[in-house]
Amino acid sequence: MNRSGIAIITGVLMSVTASATSLREFYDDFPGQVSDSVIVLQADGWNRGFGVVTIEARAALKSGKGSWGIALGNYSVMLEFSSSSLSDIQGGDRPLIKVIDTESDAIVATLGGSPRAWSSKGENTLIVSITASGTMTIDGGHRIPEQIGDVAVDMPRNGAMSIVVNGKVESLRAVVETETDAIGLLSTNWDAATLEAHLDASDDRYETFWEYLDCTTNPDMAVAGGRYRLAGISDGEGGYDLIYAGGASVNPDLWHIGMIKAKLKPTIFENHYNVEWYDSNAESIIYDVSADIEQESILSINFPRYQSTLRFSRVAK
């Protein structure tokens, strides 16, 4: 019997690694020559809930002069070439890659590559990756990219993403790949203390804690992922976010207080909601999931495809 539906309530894929989604976008419609420009690839947003973001860009410096590079948030990674008395011996001008904090203009790191792996007047690839944990990895080169090095950085303070050109470049194109971190996307600023304070002060009868009451499941299709304690927080549009406040027994290490467990969206029927539920692998379930509040005290989350219902009781204030 097919048990794939188990993930709906429990995510019984027992891994403790959050699911991730990769999005790859190509940018290749730049003019033949780009001069002294900042080309915005993404205006905002990639630095919220991301796991890894990578930009791979390729261009040729006109006459080998000037610099170009990649900007991620408040960091820019710029490529330029420096001539020296050793250039002829080493096989060409030396590539320099500077990591700059653009808010302070401070140079965070200066890295060098092998002149033989780069072309000062031809096309070069520059690859910059940054992780949510604060590691920036830089690779690049003319034909086969070489590893340049890793740089420890803080979380980017804004979500802008762009290509920066000082001087003139030709044949510019870029690829952006963003891997989102599902756990990061579900995190909020709520914690145990702020939830308690907000719910105590609220006059909204559904802004309260909801305690696990019971469940009805088809054991061949789904089992409960825990005896959840959830906090109802108004979304300001007639619906509610259900914030995780404890109780996970499947993948408990993935969940912490303050994460979104479900989103309730209002319908034309009173106390009936459409639901986006996040299972214990933090995977979104949106099809055929609904919620009902009965007698202002019982919240039922219904999964008809999986012949399952979770019920919660409202905690009196």
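Predicted model: local features only at pLDDT ≥ 70, side-chain atom pairs only at ≥ 80, totals over all residues.

Student: How many helices and strands does the protein chain have?

Tutor: Helices (H or I, at least four residues) and strands (E, at least two) are DSSP runs, numbered from the N terminus. The protein chain has three helices and 20 strands. Of its contacts with a separation of 6 or more, 60% are between residues 24 or more positions apart.

Student: Which strands pair with S19, and in what sense?

Tutor: Two strands pair if DSSP finds at least two bridges between them. Strand S18 (residues 290-294) pairs with S19 in the antiparallel sense over five bridges, and S19 pairs with strand S20 (residues 308-314), again antiparallel, over six bridges. Leu299 of S19 is the bridge partner of Ile293, and the partner of Leu299 in S20 is Phe312. In the hairpin of S18 and S19, three residues lie between the strands, and Gln295 takes a positive phi near 55°. The hairpin of S19 and S20 has four residues between the strands, with Gln307 in the turn at a positive phi of about 50°.

Student: Are the faces of S19 covered or open?

Tutor: In a regular strand the side chains alternate between the two faces of the sheet. Buried means under 20% relative accessible area, exposed over 50%, and partly exposed in between (1.4 Å probe, protein chains only). Both faces of S19 are covered: Ile298, Ser300 and Asn302 are buried on one side, and Leu299, Ile301 and Phe303 on the other. In the protein chain of 317 residues, 48% count as buried.

Student: Why does Asn302 count as buried?

Tutor: Asn302 counts as buried because its relative accessible area is 16%. This residue is found in strand S19 (residues 298-303). A polar contact is a pair of N or O atoms within 3.5 Å; within protein, one must be able to donate a hydrogen and the other to accept it, and residues adjacent in sequence count only if both atoms are side-chain atoms. The side chains of Asn302 and Asp292 are joined by such a contact of 3.0 Å.

Student: Which side chains make polar contacts with that of Arg205?

Tutor: The side chain of Arg205 makes polar contacts with the side chains of Tyr206, at 3.5 Å, and Glu296, at 3.2 Å. Arg205 lies in the loop between helix H3 (192-201) and strand S12 (209-216), and its relative accessibility of 37% makes it partly exposed. The C-alpha atoms of Arg205 and Ser297 are separated by 9.2 Å, although the two residues are 92 apart along the chain.

Student: What lines the largest cavity?

Tutor: Rolling a probe the size of a water molecule over the atoms shows where empty space is left. On a 1 Å grid over the protein atoms alone, a cavity is a set of points where a 1.4 Å probe fits but cannot get out, and lining residues have an atom within 4 Å of a point. Grid points are joined across faces, edges and corners, and a volume is the space filled by probe spheres set on the points. The whole structure has two cavities of 30 Å³ or more. The largest cavity has a volume of about 40 Å³, and its lining consists of Tyr206, Trp210, Tyr240, Leu242, Leu264, Ile293 and Leu299.

Notes
Residues numbered from 1 in each chain as written. Heavy atoms only, no water. 1 Å grid on protein atoms, 1.4 Å probe; cavity = no way out; pocket = protein on both sides within 12 Å on 5 of 7 lines; lining within 4 Å. Contact = heavy atoms within 4.5 Å.
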